[in-house]
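Subject: Structure handover

Hello,

Here is the structure I promised to pass on. Please have a look at it first; my notes follow below.

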Amino acid sequence: LGEGIQRMAHFTKTYVPQAPFNIQFSNPWEIVEGSTLLLTLNIEGKLLPESVELWSEGQNKKFRKTGPSSFVFRKEDVRESVTFWVKAAGFEFGPYEVRVIKRPQWEAIELYADYPDYTGEVDGPLAVSSGLSVPEGTMLSWKLRTKYADKLWLTKGINNSWSQPTEIGKNYQLFVKSPVELRFLLQGKLGAVSDTIATSIAVIPDLYPNLDVQSTADSFKIGT
């Protein structure tokens, strides 16, 4: 049956005219929090609209035309996921969603020191700071609590030479033998990396007591 006859036969249904064109996006549907939302739209069909609008949260905003059948929409510093519809030549498409991936964050960092016996120091927590000074032979233990992080990385610096980052767990221990710099990094989805936590560790040498040993030759006399 033709379209007109079908409408008469099903007069209780609402018929929405089919658009004489199709729209296609060529942009990612996940972006990192705080980055730029860039929607790239291409239109195919016999009749092409002159303008395209984005509708989201009760507001209409126009795409910028970049060619006979191509349009882009740009929005800076996007913090939350965006659900939207596209309107063109009286036709509506959607809904679509661009998901915002949260950047990894530090929630809490705890540091505990287990001092060697020779120091007489009492084991216990240390304040997390950019610079530490501990006796040689101290065992330092970190508890790292994070949010939105998929991986934890650590890189070490010795004499201004930095190692390649290695993946670590949320509990990390270091036996301190020499000065070292540490940088803890967070990695989230899509490779997003947050600010690093850096700590420089100075070492108080283990000074053993110096023993001044003098030997004196015994003098004796053999009598008759």
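A residue is called buried under 20% relative accessible area, exposed over 50% and partly exposed in between, with a 1.4 Å probe and protein chains only. By that rule, buried residues make up 30% of the 224 residues in the protein.

This is a predicted model, so local features need pLDDT of at least 70, side-chain atom pairs count only at pLDDT 80 or more, and totals for chains, interfaces and linings use all residues. Numbering runs from 1 along each chain as its sequence is written, and side-chain values use heavy atoms, with hydrogens and water left out.

Overall make-up

The protein has 1 helix and 19 strands. These are DSSP runs numbered from the N terminus: helices are H or I with at least four residues, strands E with at least two. A contact means heavy atoms within 4.5 Å. Of the contacts between residues at least 6 apart in sequence, 60% join residues at least 24 apart.

The cores

A nonpolar core is a set of buried Ala, Val, Leu, Ile, Met, Phe, Trp, Tyr and Cys residues joined through side-chain atoms within 4.5 Å. The largest one has 23 residues, and Leu 39, Phe 63 and Val 86 touch the most other members. Strand 1 (21-25), strand 3 (37-45), strand 7 (70-75), strand 8 (82-88) and strand 9 (91-101) each give two or more residues to this core. A second, separate core holds 20 residues, including Leu 144, Leu 152, Tyr 172 and Leu 174.

Aromatic rings

The structure holds 13 aromatic pairs. Rings of Phe, Tyr and Trp (its six-membered ring) pair if their centres lie within 6.5 Å; planes under 30 degrees apart count as stacked, over 60 as edge-to-face and the rest as tilted. Phe 25 and Phe 84 are edge-to-face, because their centres are 5.9 Å apart and their planes at 80 degrees. Phe 25 lies in strand 1 and Phe 84 in strand 8, 59 residues apart. Phe 84 is buried at 0% relative accessible area. Trp 29 and Phe 84 are stacked, at 6.4 Å centre to centre and 15 degrees between the planes. Trp 29 is partly exposed at 33%. Phe 25, Trp 29, Phe 84 and Tyr 96 form one aromatic cluster.

Best wishes
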